[in-house]
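Here are my notes for a colleague meeting this structure for the first time. Please read them with the model open.

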Amino acid sequence: EEERLQGDVLERFLRHEKPSMIAVHGQPGVGKSSLIQNLNRSVRSRALFIQGKSDQHQLELPYAPIVQALCTFIDEAMRTDHQTQASLRKALARELQGSASLLVDLLPAMEVLTGPQPVPSEVPGPLVKVRLHRALRSVLSVAAATLSPVILFLDDLQWADEATRSFLSVLTSEPVSGLLLVVARRDQSGEAQILTDRLLADARTSMEEVAEIHLRPLSLQSTRLMLEAIFTDAPKGLMDLADTLQEKTGGNPFYLRRLLQALVQDGAIYYSPVEQAWTCRVQDVARYPASESIVSFVTARLEKEGPEALLLLQTMACIGPEADRVVIASALSVSEEHLLQLAAPLVRSGFVLLSPAKISFAHDRIQEAAYSLMDDATKRERHLHLADVMMALWDSGTNAPAFAIANQIEQCR
């Protein structure tokens with residue numbers, strides 16, 4: 001039902017291209033990000049899907065998820081033909097009206113579309129904020145008008161930095177034509193809920209359509225269907241297995257998948273060549289140690305990966321949901337080739353994902369688990385070391401690396 005509701009909003013947005021918004025919330029691991037990634041897969045070439053993710057350890061990085069999303073826009077823009085790129089550059093020059101230098105200062109990669117910019121002149125802080133908000137909004141507007149409708153997905157809103165929250169207020173009170181704003185947050189009271197409620201209230205008065213989706217854990221029947229979909233031949237005792245897994249995980253999809261993976265790795269669920277079918281020893285599953293939380297369960301699995309792999313995960317966790325491979329390799333004093341060798345078993349285990357320049361956690365619960373395995377003294381030591389590494393790699397006069405370095409220093413306190 002939730003996927004159908006999301007799909008309906010998308011189809012209507014693609015028809016009228018008027019500002020719209022979807023807000024998704026639910027407990028950690030319930031499938032918020034997965035639901036919205038299905039949206040990404042369904043739009044294909046009909047819209048530009050850009051996304052960013054906030055992180056609890058990056059609160060000192062202004063506009064962090066917005067910058068991540070705009071990096072995707074830049075990559076997509078540079079894949080277009082020369083005529084389209086020329087149109088983008090012309091439109092940006094017209095719309096930015098002298099604010100391009102602020103944008104490049106925040107996001108150096110933007111220079112490929114704006115051209116070289118002078119060092120921003122000194123202006124009062126509040127005015128800088130207004131101009132930068134206008135510049136960021138202009139980029140989204142130009143992207144939607146020149147390339148295709150834009151879907152901006154901002155994940156983990158509960159950890160959004162103050163600058164991002166402020167800009168979101170601008171996007172909902174002064175919406176961009178051709179933009180579908182999608183936000184996701186954990187179910188929790190406090191600032192995140194207050195922010196979401198305020199954004200939704202503004203959006204309902206300024207946007208064409210606003211939808212709110214509350215994801216809940218899987219029902220027992222859904223858990224049974226999930227097991228049938230995973231195993232080509234359903235294990236004997238499927239019903240009993242589903243009951244036991246539902247009791248242990250509460251129907252949390254992320255926890256359920258991780259527990260299933262652990263049961264297969266440990267041989268409690270196995271494929272029998274003799275019977276040519278999956279078999280499970282339900283009594284072994286029932287005796288499997290229950291965890292008080294998803295994080296404690298994932299932590300126990302991470303500790304089995306070995307010291308080198310654990311050091312890699314902990315170093316990544318100090319940076320955020322994703323990190324540059326060159327930074328991680330330098331922090332570990334290894335070559336990028338060796339880094340890939342270290343990461344390979346973690347990729348197979350579903351803990352991390354690799355892209356050409358980045359290495360990222362498959363889920364923020366894995367990042368939380370890796371970070372929790374360090375005591376406070378070790379965390380301070382790792383953050384300080386990362387600050388040194390980032391400073392050694394910093395070869396630009398822009399503020400973007402400076403913010404990342406400042407964030408690491410802040411975490412040392």
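**Notes on the model**

1. Glu 76 counts as partly exposed, at 32% relative accessibility. The cut-offs: buried is under 20% relative accessible area, exposed is over 50%, and partly exposed lies in between (1.4 Å probe, protein chains only). Glu 76 meets Arg 79 in a salt bridge, 2.9 Å from N to O. Arg 79 is exposed, with a relative accessible area of 63%. A salt bridge here is a side-chain nitrogen of Lys or Arg within 4 Å of a carboxyl oxygen of Asp or Glu.

2. This is a predicted model, where local features need pLDDT of at least 70 and side-chain atom pairs count only at pLDDT 80 or more, while totals for chains, interfaces and linings use all residues. Residues are numbered from 1 along each chain as its sequence is written, and side-chain values use heavy atoms, with hydrogens and water left out.

3. The protein chain has 20 helices and 10 strands. These are DSSP runs numbered from the N terminus: helices are H or I with at least four residues, strands are E with at least two. Of the 413 residues, 50% count as buried.

4. A compact globule with 413 residues would have a radius of gyration near 22 Å; the protein chain has 23 Å, which agrees. That radius is taken over C-alpha atoms, and the globule rule is 2.2 Å times the number of residues to the power 0.38. The C-alpha trace spans about 70 × 50 × 45 Å along its principal axes.

5. Which residues of α9 are buried? They are Ala 192, Leu 195, Thr 196, Leu 199, Leu 200 and Ala 203. These residues cover an arc of only 130 degrees around the axis, so they sit on the same side of α9. The arc is that of the directions from the helix axis to the C-beta atoms. The face turned away from the buried side carries the exposed residues Glu 191, Ile 194 and Thr 205. Cover for the buried residues of α9 includes β1 (20–26), α8 (162–173), β4 (179–186) and β5 (209–214).

6. A search of the whole structure finds 16 salt bridges. One of them joins Lys 53 and Asp 155 (3.3 Å, N to O). This pair links distant parts of the chain, 102 residues apart: Lys 53 lies in strand β2 (residues 48–53) and Asp 155 in strand β3 (residues 150–155). Asp 155 is buried, with a relative accessible area of 6%.

7. Another bridge pairs Arg 4 with Asp 8, the closest N and O atoms being 3.1 Å apart. Both lie in helix α1 (residues 2–16), 4 residues apart, which separates them by about one helical turn.

How values were computed: Contact = heavy atoms within 4.5 Å.
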